[in-house]
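Dear colleague,

Please find below the structure that I am handing over to you. My findings follow it.

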Amino acid sequence: MEKLGIRLIGDIHGSDPMLNKIISTQSRHDLTIQIGDFGIGFGAENALKRMDPNKVKVLAGNHDDYNKLAQYEHNLGRYGVFEFKGKKIFFVCGAWSIDWMHRTPGKSWWSTEELSLDESNDCLDLWQLVAREIDIVITHDGPQEVTKNILGRWPYDTLTGSVFTEMLKIRRPPRWYFGHWHVGYSETINNTNFRCIDIDEELLI
């Protein structure tokens, strides 16, 4: 499979070694996308000042301050589609935090960690329009049909999970990449290759 030159990076949670590595190697890749839990709101956003927004993008996770990330050009967005070297890529941010009740709103937890109901509906409307053209999906969380195999049980039912289930009912893309679960995992289900990127892992696609 021909490489596009996109480097995907899993959860880093503000790790200084990983932030420094992204900074020092950003010019080696056509595009780097960090797929959530960058550490925005915990101080990691300061490293963005040393990253070229044309080279490095961040798809926010459930442990990122969305309002703070929105102040930077590195913000990939809540959901959407873009084209890169002739390939159509669809992306969706966020996930539900299982430990939200133990976190402090506005400091270590943000209510916008998942798409709102309106955003979810709009996201599905967009997917309905473009799904047949999409080559790759990139998300922070993964579809429940895959994460159940990672966890060994059915995951909690969340709004994010429901969106992904509906997306797969509409059309199954060739490739789907996600993070969030801090494991490296690959599985092909009904002709879609799902790849969970581990914490601090780099994957060239």
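N191 is an exposed residue, with a relative accessibility of 72%. In this model, which is predicted, N191 sits in the loop that joins β8 (185-189) and β9 (192-196). As background, most residues other than glycine have a negative phi.

K85 also has a positive phi, of about 50 degrees, and K85 is not a glycine either. This residue belongs to the loop between β4 (79-84) and β5 (87-92). With a relative accessible area of 53%, K85 counts as exposed, because the cut-off for that word is over 50%.

I turn next to a pair of helices. Helix α3 (residues 117-130) packs with helix α5 (residues 159-170). In general, two packed helices are described by the angle between their axes and the distance between the axes. For α3 and α5, the angle is about 15 degrees and the axes are 10 Å apart. The two helices are therefore roughly parallel to each other, since angles under 35 degrees count as such. The crossing of α3 and α5 is right-handed.

Which residues of α3 and α5 meet? From α3 come L117, S120, C123, L124, W127 and Q128, while α5 contributes L159, V163, E166, M167 and I170. Sorted by class, this contact of α3 with α5 has eight nonpolar residues, two polar residues and one charged residue.

A disulfide is a covalent bond between the sulfur atoms of two cysteines. How many disulfides does the structure hold? The number is zero. For C123, the reason is distance: the closest cysteine sulfur, in C93, is 8.8 Å from the sulfur of C123, which is too far for a bond. A disulfide would require the two sulfur atoms to be within 2.5 Å. Seen from C93, the closest cysteine sulfur is in C123, again 8.8 Å away and too far for a bond.

Are C93 and C123 buried or exposed? C93 counts as buried, at 1% relative accessibility, and C123 is buried too, with a relative accessible area of 0%.

Yours sincerely,
A colleague

Notes. Residues are numbered from 1 along each chain as its sequence is written. This is a predicted model: local features need pLDDT of at least 70, side-chain atom pairs count only at pLDDT 80 or more; totals for chains, interfaces and linings use all residues. Side-chain values use heavy atoms; hydrogens and water are left out. Buried means under 20% relative accessible area, exposed over 50%, partly exposed in between (1.4 Å probe, protein chains only). Helices (H or I, at least four residues) and strands (E, at least two) are DSSP runs, numbered from the N terminus. Axes are lines fitted to C-alpha atoms, for helices over the stretch in contact, and angles run from 0 to 180 degrees between N-to-C directions. Angles under 35 degrees count as roughly parallel, over 145 as roughly antiparallel, 65 to 115 as roughly perpendicular and the rest as oblique. A crossing is left-handed if the near helix is turned anticlockwise from the far one by less than a right angle, and right-handed if clockwise. Contact means heavy atoms within 4.5 Å. Ala, Val, Leu, Ile, Met, Phe, Trp, Tyr, Cys and Pro count as nonpolar, Asp, Glu, Lys and Arg as charged, and the others, Gly among them, as polar.
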